[in-house]
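Here are my notes for you, point by point. Keep the structure open while you read and find each pair as we get to it.

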Amino acid sequence: MYDLSNVVDVDAMSSVAPGSSLLVTGAAMTGKDALLTDLLADGVASSNGAVAVTTGGRAEDLVADIEDRTGGLDSAAICGIDCRADSNREELELDGGAYVHRVASPSDMTGIGIGITNCFERLHDAGLDSGRLGLTNLSTMVTYTDRQTVFKFCHVLSSRLDSAGFLGVFTIDSSAHDKQTLQVLKQAFDGLVELRENDGTREARVRGLQPEPSPWVEL
């Protein structure tokens with residue numbers, strides 16, 4: 001089981017089953033990427049591997065953010081997949097041992113899948129049989145494709161996470177989509193982590209992992 005309560009301190013996050021996929025939702029500027037980075041760094045600190053997929057920013061920057069949060073604990077346990085439109089398919093190893101796989105576009109689902117396979121194999125070869133995959137963010141993928149294509153991608157990826165025993169964390173900007181699109185995409189996930197800002201304080205609530213939603217807690 002994965003204990004995520006160090007990052008979101010509610011009972012529902014203290015024992016999350018391997019293979020689960022969580023969707024982090026919230027409006028712009030509510031800290032979705034920061035939460036995802038914290039969850040991946042917390043995993044590395046707990047001897048989990050980390051696979052960080054970014055559809056907008058540089059994978060090297062996201063890897064560096066994780067390393068900063070762990071104090072450079074084990075960079076070889078970190079893999080990044082860079083899906084920016086200005087990248088070509090290639091792979092490289094960064095100073096410190098982190099691995100980065102680049103694909104041409106957020107719409108290149110095949111390339112992203114190949115990158116994830118390479119990351120899983122690399123972590124397995126390093127003796128890491130548990131890990132957390134974080135993808136930021138699905139809104140960009142919907143922009144490049146459509147909601148049905150992204151739903152199918154998430155559904156297939158959830159199955160792969162289940163087979164590998166990994167945990168998946170995905171972000172989406174809830175203010176960028178209509179209710180129907182959000183409802184379609186939510187069906188691919190086991191639970192939701194909702195974020196909001198309340199009087200200048202970032203708060204989170206978890207739904208779907210237990211019969212009742214958790215209370216809102218400060219992050």
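1. Start with Glu 90 and Arg 102, whose side chains meet in a salt bridge, N to O 2.6 Å. By salt bridge I mean a side-chain nitrogen of Lys or Arg within 4 Å of a carboxyl oxygen of Asp or Glu. The two residues sit 12 residues apart, with Glu 90 in strand β4 (residues 90-93) and Arg 102 in strand β5 (residues 99-102). Strands here are DSSP runs of E, at least two residues, and helices are runs of H or I, at least four, both numbered from the N terminus.

2. A word on where this comes from: it's a predicted model, where local features need pLDDT of at least 70 and side-chain atom pairs count only at pLDDT 80 or more, while totals for chains, interfaces and linings use all residues. Residues are numbered from 1 along each chain as its sequence is written, and side-chain values use heavy atoms, with hydrogens and water left out.

3. The cut-offs are under 20% for buried, over 50% for exposed and in between for partly exposed (1.4 Å probe, protein chains only). Glu 90 and Arg 102 also belong to a salt-bridge network with Glu 60.

4. Next, look at Arg 122 and Glu 93, another salt bridge, with the closest N and O atoms 2.6 Å apart. Glu 93 is exposed at 52%, and Arg 122 is partly exposed at 26%.

5. One more pair: Arg 205 and Glu 194, with closest N and O atoms 2.8 Å apart, form a salt bridge. Arg 205 is in strand β9 (residues 201-207) and Glu 194 in strand β8 (residues 191-198), so the bridge ties together parts 11 residues apart in sequence. Glu 194 is buried, at 14%. How many salt bridges does the structure hold? The count is 10.

6. Finally, the helices: the axes of α5 (residues 147-164) and α6 (residues 179-186) come within 9 Å and cross at roughly 20°. Axes are lines fitted to C-alpha atoms, for helices over the stretch in contact, and angles run from 0 to 180 degrees between N-to-C directions. That makes α5 and α6 roughly parallel, a label for angles under 35 degrees.

Notes
Angles under 35 degrees count as roughly parallel, over 145 as roughly antiparallel, 65 to 115 as roughly perpendicular and the rest as oblique.
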